[in-house]
Amino acid sequence: MFSRFINLLKQDIKVTIRNYFHFVILFLATLMIILINFVIPKNVKLTPNEVFFDNSEGKVLENYLIKQGIDETRIFQSREELEKEVEKNNNSIGIIMEGALDNAQFIIIHQGSESPEILNVLDSTIESTLDKIRNSVETNNFRVDYLRSKTEPIPFNKNMIPVIIVTEAVMLGFFLISVMVFQEKEEGSVKAYRVSPGGTLEYVLSKAVVNVILAVIYSGLVILFTMGFSVNYLSIFLIVILSSFLMTLVGLSVSVFFKNLQEFLFVGVFIIAVAGFPLTSYLSPSFAPSFITWLPAYPVLFGLREVLFPSGKSDFVTSLNLILLAECAVFLVISYLTTHKKLMKEGK
């Protein structure tokens, strides 16, 4: 069985190269490396960007903000300039200070789409800033406790690496396996395989391993040229291998029920769209309904981030690998049964 599997794997690798799948992977990896390193910014401010015009006596607010290291491009010298900036930038709020420090008055110019919570926080921040300028706050009346050791903030562009790996390396396997199956159907390779000594299990494993190899090459290149050698590649590759293996088996289990790629496309896109729901929770962690957390991509995204940027949740990565291993075992059985019934016995 093992020699048959190796021979079939060599054949599938040749077919993959003949169809230029490896060029697709290399092109996508290069594109993502460029995006991460040169296009996606390191810092993105999700809350409105405050800009200031200090019309107060002595410009106490402007002087204080400069001492605190604020980007001076956020300070304007007239109300007209400030209003033009707010009008130009839809994610900005203008703050004008007038009068003396002891009787300061503020004018807030905003877009009108900000939530009341944002404006209330801004109001409290202005009050707190005034207290600090007046030196009327001697000690903080709060303290900060950390559940784990404090870690450095993750740059926004690097924080997108798990998303890029999951959407390309993992989910791409879902479609690639479908393309391979339908192509073999059209070329008659499946019919030829039915009369060969090869079994269903070798067929399933060979297709899955080819996609896993592509996923490892893709994720390895992306991480190498964005993170360097400072990450645990063994842990990364283990998650990628299990995730890609799982999605390939899911793709195979579904695609065998369709005659061609056109019939499969609508269902395939729907499944990928649902499987991609966890991306919204990753980008906005406060939104994590239960049905999203049960989808495989949810723990994979956070598991990859934990390996790339460790925060002390090593147990989470271990449990993730065990869950993926169990899911792979289940879908290996499902894909074997569906492939054996719909692909290997079809037409017999």
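A: A pocket here is an open set of grid points with protein on both sides within 12 Å along at least five of seven lines, and its lining residues are those with an atom within 4 Å of a point. Please keep in mind that this is a predicted model.

Q: Which helix gives the largest share of the lining of the second largest pocket?

A: Helix 1 gives the largest share of that lining, with seven residues. Helix 1 (2–18), helix 8 (172–187), helix 9 (189–194) and helix 10 (200–227) each supply at least two residues of the lining of the second largest pocket.

Q: And what is the volume of the second largest pocket, and which residues lie nearest its centre?

A: Its volume is about 250 Å³, and of the 18 residues that line the second largest pocket, Leu8, Gln11, Ser189, Tyr193 and Ser196 lie nearest its centre. By class, this lining has seven nonpolar, five polar and six charged residues.

Q: OK, now the largest pocket: how much space lies in it?

A: About 590 Å³ of space lies in the largest pocket, and 22 residues line it, with Pro153, Ile154, Asn159, Tyr282 and Arg305 nearest the centre.

Q: Changing topic, which residues of helix 16 are buried?

A: Among them are Val317, Leu320, Asn321, Leu324 and Cys328, along with Ser335 and Thr338. The buried residues of helix 16 pack against helix 8, helix 9, helix 10, helix 11 (233–255) and helix 15.

Q: How far does helix 16 reach from its first C-alpha to its last?

A: Helix 16, which runs over residues 314–344 and has 31 residues, reaches 42 Å, close to the 45 Å expected at 1.5 Å a residue.

Q: Where does valine 209 sit, and which residues does it touch?

A: Valine 209 is found in helix 10, and, not counting residues up to four places away in sequence, it touches Phe5 and Leu9.

Q: Why is valine 209 called partly exposed?

A: Valine 209 is called partly exposed because its relative accessible area is 23%, while buried means under 20% and exposed means over 50%.

Q: Last topic: is strand 1 covered or uncovered, and what does it pair with?

A: Strand 1 (residues 49–56) is mostly covered, as six of its eight residues are buried. Strand 1 pairs with strand 3 (residues 92–99) in the parallel sense over eight bridges, and asparagine 49 has serine 92 of strand 3 as its bridge partner. Strand 1 also pairs with strand 2 (residues 75–76) in the parallel sense, over two bridges, and there the bridge partner of phenylalanine 53 is phenylalanine 76.

Technical notes. Residues are numbered from 1 along each chain as its sequence is written. This is a predicted model: local features need pLDDT of at least 70, side-chain atom pairs count only at pLDDT 80 or more; totals for chains, interfaces and linings use all residues. Side-chain values use heavy atoms; hydrogens and water are left out. On a 1 Å grid over the protein atoms alone, a cavity is a set of points where a 1.4 Å probe fits but cannot get out, and a pocket is an open set with protein on both sides within 12 Å along at least five of seven lines; lining residues have an atom within 4 Å of a point. Grid points are joined across faces, edges and corners, and a volume is the space filled by probe spheres set on the points. Helices (H or I, at least four residues) and strands (E, at least two) are DSSP runs, numbered from the N terminus. Ala, Val, Leu, Ile, Met, Phe, Trp, Tyr, Cys and Pro count as nonpolar, Asp, Glu, Lys and Arg as charged, and the others, Gly among them, as polar. The expected span of a helix is 1.5 Å times one less than its number of residues. Buried means under 20% relative accessible area, exposed over 50%, partly exposed in between (1.4 Å probe, protein chains only). Contact means heavy atoms within 4.5 Å. Two strands pair if DSSP finds at least two bridges between them.
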